[in-house]
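Me: Hi! I have a model open and would like to talk it through. Could you take a look with me?

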Amino acid sequence: MNDPFCQLELTEQKQHEHWMRQAIAEAQKAEALGEVPIGAVIVRNNEIIGRGYNLRETTLDSTAHAEMVAIRQASEAIGAWRLLECSLYVTLEPCPMCAGAIVQSRVPRVIFGTADPKAGCAGTLMNLLQEPRFNHRTEVIPGVLQPECSTMLTQFFRKLRKKG
Ligand SMILES: [Zn+2]
């Protein structure tokens with residue numbers, strides 16, 4: 001533990017976990033409404049400037065994903081469509097639409113909780129966040145608090161099946 005590089009890595013990991021917990025708190029708001037529990041926060045200068053959770057059923061809007069809601073809020077907060085110096089934390093790997101919005105808003109860094117084998121476009125099905133032919137590429141950090149983010153989703157779907 002005397003290796004300063006190692007300690008720096010550890011601090012960074014702790015920070016990512018801290019903000020991912022905030023994204024999980026957003027996901028729990030979605031779950032309270034009967035929505036699939038997915039949440040996101042956007043952080044700049046150690047401050048949350050945008051929050052969002054999945055609202056697809058409530059709003060009858062297929063674009064009301066956690067990331068989209070958070071991106072809109074963050075842009076409003078800073079008065080700019082470019083989300084420079086921002087980190088986006090989301091509990092589930094972004095879908096093609098959200099990955100597209102992340103590229104369009106120039107988010108430099110995305111941290112996600114659990115991979116999405118059905119729609120993940122940050123490395124699972126494809127990697128729209130690091131496509132060399134696009135004019136913007138995003139740093140991607142996968143797997144932060146992965147077990148928590150994944151369990152939240154599997155338990156939600158398990159309960160849903162029991163009800164049905
Ligand atoms: Zn999405």
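Me: Which residues coordinate the zinc ion?
Reply: His 65 (ND1), Cys 95 (SG) and Cys 98 (SG) do, at 2.1 to 2.4 Å. Donors here are N, O and S atoms within 2.8 Å of the metal (3.2 Å for Na, K and Ca), and water is not among the atoms, so sites may look incomplete. A word on the source: this is a predicted model, where local features need pLDDT of at least 70, side-chain atom pairs count only at pLDDT 80 or more, and totals for chains, interfaces and linings use all residues. Residues are numbered from 1 along each chain as its sequence is written, and side-chain values use heavy atoms, with hydrogens and water left out.

Me: How are the donor residues of the zinc ion spaced in sequence?
Reply: The pattern is H-x29-C-x2-C.

Me: Is Cys 98 buried or exposed?
Reply: Cys 98 is buried, at 0% relative accessibility. Cys 95 is buried too, with a relative accessible area of 13%. Buried means under 20% relative accessible area, exposed over 50%, and partly exposed in between (1.4 Å probe, protein chains only).

Me: Switching to the core: how many residues are in the largest nonpolar core?
Reply: It has 31 residues, and those with the most contacts inside it include Ile 38, Ile 42 and Leu 129. Such a core is a set of buried Ala, Val, Leu, Ile, Met, Phe, Trp, Tyr and Cys residues joined through side-chain atoms within 4.5 Å. Another core, of 14 residues, lies apart from it, with Ile 24 and Val 41 among them.

Me: What does Ile 38 touch?
Reply: Its contacts (heavy atoms within 4.5 Å) include Ala 27, Tyr 53, Val 90 and Leu 153, not counting residues up to four places away in sequence.

Me: And where does Cys 149 lie?
Reply: Cys 149 is in helix α5; helices (H or I, at least four residues) and strands (E, at least two) are DSSP runs, numbered from the N terminus. Cys 149 is buried at 1% relative accessibility. Cys 149 and Ile 38 are 111 residues apart in sequence and 8.4 Å apart in space, C-alpha to C-alpha. Among the residues that Cys 149 touches, not counting those up to four places away in sequence, are Met 20, Thr 91 and Val 144.
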